[in-house]
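Keep the structure open as you read.

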Amino acid sequence: MRAPDNPVFAKGDVLLAVENVSLSFGGVKALTDVSFDIRKSEIRAIIGPNGAGKTSMLNCINGFYYPTEGRITFKGVKRPKMRPYEAARGGIARTFQNVALFKSMSTLDNIMAGRSIKMNSNFFWQLFRHGPAMREEVEHRRVVEEIIDFLEIQHIRKTPVGRLPYGLQKRVELGRALAMEPELLLLDEPMAGMNLEEKEDMSRFILEVNQQYGTTIALIEHDMGVVMDLSDRVVVLEYGRKIADGTPAEVKGDQRVIDAYLGVAH
Amino acid sequence: MLYREAGQFKTSYVADSAIFPLRQDRIGIGLIILAAYALAFIGNSFLLQAVMIPFLVFSLASIGLNILTGYTGLLSLGTGAFMGVGAYACYKLMTAFPEVNVIVWIFVSGFFSAAIGALFGLPSLRIKGFYLAVATLAAQFFLQWCFIRIPWLVNYNVSGALDAPLRTLFGIPIVGATATPQTRYLVVLTIVILLTWLASNLVHGRIGRMWIAIRDMDLAAELMGIRPLQTKLLAFAVSSYYCGVAGALLVFLWYGGAEYDVFNINQSFFILFMVIIGGLGSLIGSFFGAALIFILPIVLGIVLPAILSPFGISVGADVIEHLRFMIVGALIIFFLIVEPHGLARLWQIGKQKLLVWPFPY
């Protein structure tokens with residue numbers, strides 16, 4: 001099990017390092033000189049008040065934006081300017097703050113779509129839905145069914161996701177990201193808008209993913225209880241700058257973090 | 001009562017991911033295909049020539065546009081031109097190499113159309129929605145200009161029109177003035193069934209899921225490693241392939257010769273309406289759309305005078321023509337209000353209701 005207050009928090013080698021990253025849109029500085037790292041198999045939380053630049057940070061990590069300054073190193077290699085699909089193929093998966101599922105597809109097809117990069121039977125066999133194409137379809141269906149079992153969504157397997165309640169949609173989205181078998185999983189507010197029970201379920205899934213598959217997870221979350229319980233290390237952003245970095249206990253006691261969240265008397 | 005899911009258990013993923021998982025559906029589709037073939041032998045030549053052949057040709061073109069607009073969400077107004085590319089390519093190929101069977105050339109001509117379609121699909125990486133429609137409009141005008149201005153395409157024929165030289169299959173004429181509607185219908189039917197089957201395989205597999213992913217949420221699709229440009233261009237190519245084959249069929253197996261004017265912007269809109277009314281993102285919807293827009297006016301033209309005459313109302317052909325437009329227009333609006341997702345969705349709802357009939361759920 002996790003040891004939240006262990007001062008030696010390193011869980012493994014550095015998987016992704018963010019070094020002096022700045023990001024600006026014209027005159028607006030979204031991120032200023034942010035540096036932190038994500039280690040293998042840890043749960044890393046990124047927190048901060050609204051507009052602190054958390055989502056911009058995730059967007060940099062998965063290739064939506066390219067940092068104006070600084071660099072991002074993934075698996076020891078400096079990342080060139082890349083498209084999001086290249087980041088995805090490199091092993092970075094992500095869920096969104098507002099659910100971004102393929103609404104007209106069933107749960108099953110959504111998660112199957114998550115395995116598109118793992119499938120490679122050619123167009124010819126796809127045309128005939130035979131031979132390698134069908135074998136591949138079945139083989140990946142088996143993996144997808146495991147994910148469906150894991151997330152306990154068997155009953156909605158064939159339901160179009162547009163009809164599902166919000167909490168289940170979030171769960172399907174996690175399933176779709178897991179289908180990519182990512183090395184680094186980015187979760188943008190996985191518990192937003194959930195009730196207590198749904199949050200507990202989601203927390204359980206996140207911990208299980210981390211422990212069973214050893215997946216490294218970076219998550220943005222506003223629910224402090226969840227963040228403090230789940231994460232190994234926390235980085236705190238405010239107005240695009242890093243103001244604290246450390247174990248949940250350290251961060252909780254940090255005066256600048258308390259000021260950022262509660263405000264300072266002037 | 002006969003349409004029930006009960007007792008049909010799936011014991012393998014292959015069976016569960018079948019395109020028609022229900023036994024009754026499989027029997028139904030078999031019967032429809034059988035009936036379609038039987039029609040060649042019991043239908044008169046008016047039915048085959050003026051109703052069934054064009055219906056099948058338009059269905060095929062609708063499937064083509066549906067792959068692009070319905071499945072991948074890319075709006076195109078160049079369908080008519082892409083059909084034209086298929087027709088002109090087929091004409092060039094069959095006159096340059098008369099010894100090769102025309103069926104081969106019909107299938108090959110689609111590839112020319114696919115290449116042109118993919119070329120004009122390049123802007124789709126950057127623009128979408130109405131703006132992409134305008135970009136494909138450029139294809140429509142440019143290609144139509146080529147059809148008029150490049151006499152090489154029609155072998156310097158002074159009339160500027162495509163004609164259908166005599167071509168045979170197993171010694172039976174299938175293209176040209178001596179080909180009977182019956183044989184032409186059989187050829188068109190076989191090609192349409194084959195291509196529909198292939199399209200259905202594509203859209204139910206990995207490629208179809210990638211197309212729908214791009215349509216539903218392109219950013220999320222890209223974050224899952226789906227390459228947007230390749231996926232969109234593939235949709236353009238496959239879609240144009242279908243349109244191209246439909247164009248070749250239209251000229252050589254239905255019209256028996258045509259001018260560039262057949263492939264104008266109206267044709268593009270005509271196909272687009274079929275797709276929208278039939279149901280975006282549904283293959284069976286393509287057939288429904290083609291039936292509603294093409295067959296319904298013909299049926300009305302026959303039925304209306306028969307309905308009106310017992311009341312002593314005898315109207316001229318022009319009034320019938322106007323009535324036809326009004327009724328078809330009203331029906332289109334009616335269907336779109338009742339079910340904006342098209343006839344295919346109505347069909348699906350009907351089937352779901354039938355599964356539990358006579359109980360409400």
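In this predicted model, strand β4 (residues 69-74) of chain A is joined to β5(A) by two bridges. The two strands run antiparallel. Strands here are DSSP runs (E) of at least two residues and helices are runs (H or I) of at least four, numbered from the N terminus. Two strands pair if DSSP finds at least two bridges between them.

Look at the facing residues. A:Phe74 stands opposite A:Val77 in β5(A). A:Thr73 faces A:Lys78 in β5(A). The hairpin of β4(A) and β5(A) has two residues between the strands. There, A:Lys75 takes a positive phi near 55°.

What pairs with β4(A) over five bridges? It is strand β1 (residues 14-25) of chain A, again in the antiparallel sense. A:Ala17 stands opposite A:Thr73 in β4(A).

Now place these strands in their sheet. Strands of a sheet pair through backbone hydrogen bonds, either parallel or antiparallel.

Step back to the domains. Chain A is assigned domain 1 (1-91 + 184-266) and domain 2 (92-181); such bounds come from an automatic or database domain assignment. The C-alpha centres of domain 1 of chain A and domain 2 of chain A lie 26 Å apart. Their contact takes 23 residues from domain 1 of chain A and 15 residues from domain 2 of chain A. Two residues are in contact if their C-beta atoms, placed from the backbone, lie within 7 Å.

Which elements give two or more residues to the domain 1 side of this contact in chain A? They are α1 (54-61), α2 (84-89), β7 (184-188) and α7 (196-213) of chain A. The largest share, five residues, comes from β7(A). By class, the residues of that side of domain 1 of chain A divide into 14 nonpolar, five polar and four charged. Ala, Val, Leu, Ile, Met, Phe, Trp, Tyr, Cys and Pro count as nonpolar, Asp, Glu, Lys and Arg as charged, and the others, Gly among them, as polar.

Finally, confidence. Over residues 1-9 of chain A, pLDDT stays under 50.

Residues are numbered from 1 along each chain as its sequence is written, while chains are lettered from A and ligands numbered from 1 in the order in which they are written. In this predicted model, local features need pLDDT of at least 70, side-chain atom pairs count only at pLDDT 80 or more, and totals for chains, interfaces and linings use all residues.

Conventions:
pLDDT is the predictor's confidence in each residue, from 0 to 100.
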